[in-house]
Amino acid sequence: MKSPLIVALDYADTAAALAMAELLDPRQCRVKVGKELFTASGPKVIEQLQNRGFEVFLDLKFHDIPQTVAKACQVAARLGVWMLNVHASGGKAMLEAAREAVDGVTASGHQPLLIAVTVLTSLDADALGQLGVHDSVKLQVERLAALSAEAGLDGLVCSAQEASRLKQLHPEFCLVTPGIRPAQHGADDQRRTMTPGAALAAGSDYLVIGRPITAAPDPAEALSALLAACAG
Ligand SMILES: O=c1ccn([C@@H]2O[C@H](COP(=O)(O)O)[C@@H](O)[C@H]2O)c(=O)[nH]1
């Protein structure tokens with residue numbers, strides 16, 4: 001599997017998610033199950049996607065006390081997902097507990113990648129300020145990246161705008177970047193965006209893309225076009 005594309009299956013029921021998955025080719029992308037779909041469908045939908053050949057990124061962004069997050073990560077890892085995540089802002093003890101929990105699990109012969117969300121791509125400097133964070137987005141992302149590195153995580157969720165600096169600071173990290181938008185596409189609720197080609201050039205390893213594919217008139221064609229944009 002060489003594709004850097006991860007398609008966000010943000011749906012309110014299993015049937016809609018599987019109908020979209022039918023249009024996608026698991027040789028061209030992985031899929032992401034987030035809060036909406038997982039809340040509606042539970043672990044069963046992960047198995048259904050895996051049975052169709054997809055590797056699954058379980059994007060539940062755990063953020064709680066260390067014990068709770070560790071237990072949730074352990075259960076998630078046992079589902080045989082390819083990748084799962086936590087919020088770096090949960091703190092170092094929480095990140096370390098998650099690391100330890102995932103290290104103890106090998107499901108279907110592999111251990112999932114454990115990555116940390118730095119600053120959501122829907123946030124800009126003004127939104128961070130409302131949270132009492134008056135440093136730049138860049139500085140806050142780098143601070144949370146350093147914490148994640150100390151805790152031994154495998155990678156980060158960040159915007160592609162931070163990718164090049166993060167690759168310099170933490171070359172070992174796998175960088176997963178949502179907020180990807182083709183040039184002609186609107187930003188929707190995303191604030192820190194980049195085109196697919198620019199994101200890969202900046203150092204993103206994986207591009208998370210939802211609406212530009214799932215809301216396209218022909219999602220399969222949109223996926224192929226995005227893959228071509230990545231290659232070119
Ligand atoms: O910082 C983050 C973390 C996660 N996401 C998720 O990625 C997709 C993006 O979907 P689009 O339709 O391409 O905007 C979505 O599932 C988010 O929950 C993110 O956007 N930013």
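This report describes the fold and the ligand surroundings of a predicted model.

## Basis

Local features require a pLDDT of at least 70 and side-chain atom pairs count only at pLDDT 80 or more, while totals for chains, interfaces and linings use all residues. Residues are numbered from 1 along each chain as its sequence is written.

## Overall fold

The chain contains eleven helices and eight strands, which are DSSP runs numbered from the N terminus (helices H or I, at least four residues; strands E, at least two). Its radius of gyration, taken over C-alpha atoms, is 17 Å, close to the 17 Å from the globule rule (2.2 Å times the number of residues to the power 0.38) for 232 residues, so the chain is as compact as a globular protein of that length. The C-alpha trace spans about 40 × 40 × 30 Å along its principal axes.

Of the 232 residues, 43% are buried, a class that requires 20 or more other C-beta atoms, placed from the backbone, within 10 Å of the residue's own.

## Barrel

Eight strands form a closed barrel in the order 1-2-3-4-5-6-7-8, with parallel pairing; two strands pair if DSSP finds at least two bridges between them. Strand 2 (residues 30-34) pairs in the parallel sense with strand 3 (residues 56-62) over four bridges. Within this pair, Val33 has Leu58 of strand 3 as its bridge partner.

## Ligand shell

The ligand is surrounded by 15 residues, the closest being Ala8, Thr121, Pro178, Gly210 and Arg211; a residue is near a molecule if its C-beta atom, placed from the backbone, lies within 6 Å of it. The shell comprises seven nonpolar (Ala, Val, Leu, Ile, Met, Phe, Trp, Tyr, Cys and Pro), three charged (Asp, Glu, Lys and Arg) and five polar residues (the others, Gly among them).

How values were computed: Buried ≥ 20, exposed ≤ 12 C-beta atoms within 10 Å, placed from the backbone.
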